[in-house]
Every structure is written in C-alpha cells, then in structure tokens.
Amino acid sequence: MNLYIRYFDDETLVHSVEEGLAFLSSLEDVEVNDSIATELEKFMSSSAMYPKHIKVHARSFFIAIKTTAKTMEEFKAKGASQGKEEKTAQKEALAQYSSYQPGWYAAKIVFKRVILLPETQKSHYVDTTFICKVKADCVQECYDKVVSHLRDRQDIDPRSQYPSIKSQNFEFDYLGE
C-alpha cells in the first residue's frame, strides 16, 4: 500500500511512512513531531481506506490517502475508479453488520459521557469505555442493544454521545453460540 500526501500545493506519492515523514520534513511550514509520526503510522497500519486529515498547526492539516497506485500519474488517473472500489468495500463491510449470525458477541464501545462538575455546575465530555457480552442475531443488533442499554441507565446523562457502528470506537468479536 502506498501513500498520497498533500499539504496545500505540495503533494507526493510515497511507498512508506518514513518517506512520507521525510517529504513533510522537507516542507517549510511543517515541523514533524512524534504525534504526526504516530498518527501517520497508525493510519497506515489500520484497515481504514478513507482519507485522513492530520493537524500540522492550529488551523492547517495535511491529507493522507492510501492507494495501490505506484506513481503519481497512476494515482491521478485511477482516482475515479478507486472511489468505486472503496464504495464496494464499504458496502461489503455494511453487509457484515447485518448478516445473520446468532450467538454471543463481545462488544467494546468508547463513548462521550457527559459529566457534571459540581464546583462549576458545568458539564464536559469524558471518553468512557464500556465492555460487555451480548446475545444477538447480528452485529447491528449487538450494537443497538449496547447503545440502548447505555441510554436507559440512570447514571448516564442523556446528552452523552455514542459512536457509529462503523467507528473505530466500536469493536466486536463473535464468540459463538
């Protein structure tokens, strides 16, 4: 997998994270630090195929896109056809969520929980991890049961925010019947 990187008018196609970091280091406005390197490495090692925006300064980002193209010309020519391949992959992933596979699922969800600060009477969001086992007929039902359970709990503020089923903040494993 190769990596297309663009920062304003500067762009390149590289074959590794190290080459990408070298390109970014060569740019006048970009100071490559550990967080940029870590985010780029995480993106390359993840299965995500969508473009990634990584913050350089308070209001500037560079974009990184995974691609199978070997050259910049091939990347630009394949742009339209790659979008179709990605949409097909996304449809297959969505079908996985609703495919019938009854049994037990181990679910992990990281959601934004609203916590009231007693000293100021103001609220703020805190990332909260919830892990459980759920009996369901498919992944979608598992996700729905977990979110429904959390919404029904008295100790969780109704303003709390839950990730989508497609998010990195929802993970599941099928445990079997």
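The model is predicted, so local features need pLDDT of at least 70 and side-chain atom pairs count only at pLDDT 80 or more, while totals for chains, interfaces and linings use all residues. Residues are numbered from 1 along each chain as its sequence is written, and side-chain values use heavy atoms, with hydrogens and water left out.

**The sheet and its helix**

- Four strands make up an open, antiparallel sheet in the order β2-β1-β4-β3; strands (E, at least two residues) and helices (H or I, at least four) are DSSP runs numbered from the N terminus, and two strands pair if DSSP finds at least two bridges between them.
- At the edges sit β2 (10–14) and β3 (52–57), each of which pairs on one side only.
- On average, neighbouring strands of this sheet are turned by 20° against each other, direction ignored; axes here are lines fitted to C-alpha atoms, for helices over the stretch in contact, and angles run from 0 to 180 degrees between N-to-C directions.
- Strands β1 (residues 2–7) and β4 (residues 60–67) run antiparallel and are joined by five bridges, and L3 stands opposite K66 in β4.
- Helix α1 (residues 17–26) lies across β1, β2 and β4 and runs at about 160° to β2.

**A look at S60**

- S60 belongs to strand β4 and counts as buried at 9% relative accessibility; buried means under 20% relative accessible area, exposed over 50% and partly exposed in between (1.4 Å probe, protein chains only).
- Apart from neighbours within four places in sequence, S60 is in contact with Y7, F8, I54 and K55, where contact means heavy atoms within 4.5 Å.

**Salt bridges**

- Searching the whole structure turns up eight salt bridges, each defined as a side-chain nitrogen of Lys or Arg within 4 Å of a carboxyl oxygen of Asp or Glu.
- K112 forms a salt bridge with D127, with the closest N and O atoms 2.7 Å apart. Because K112 lies in strand β5 (residues 103–117) and D127 in strand β6 (residues 122–136), the pair ties together parts that are 15 residues apart in sequence.
- K112 itself is partly exposed, at 35% relative accessible area.
- R153 and D155 form a salt bridge whose closest N and O atoms are 2.7 Å apart; R153 is partly exposed at 28%, and D155 is partly exposed at 45%.
- D157 and R159 form a salt bridge with closest N and O atoms 3.0 Å apart; D157 is partly exposed at 22%, as is R159 at 48%.
- R6, E11 and K76 are linked in a salt-bridge network.
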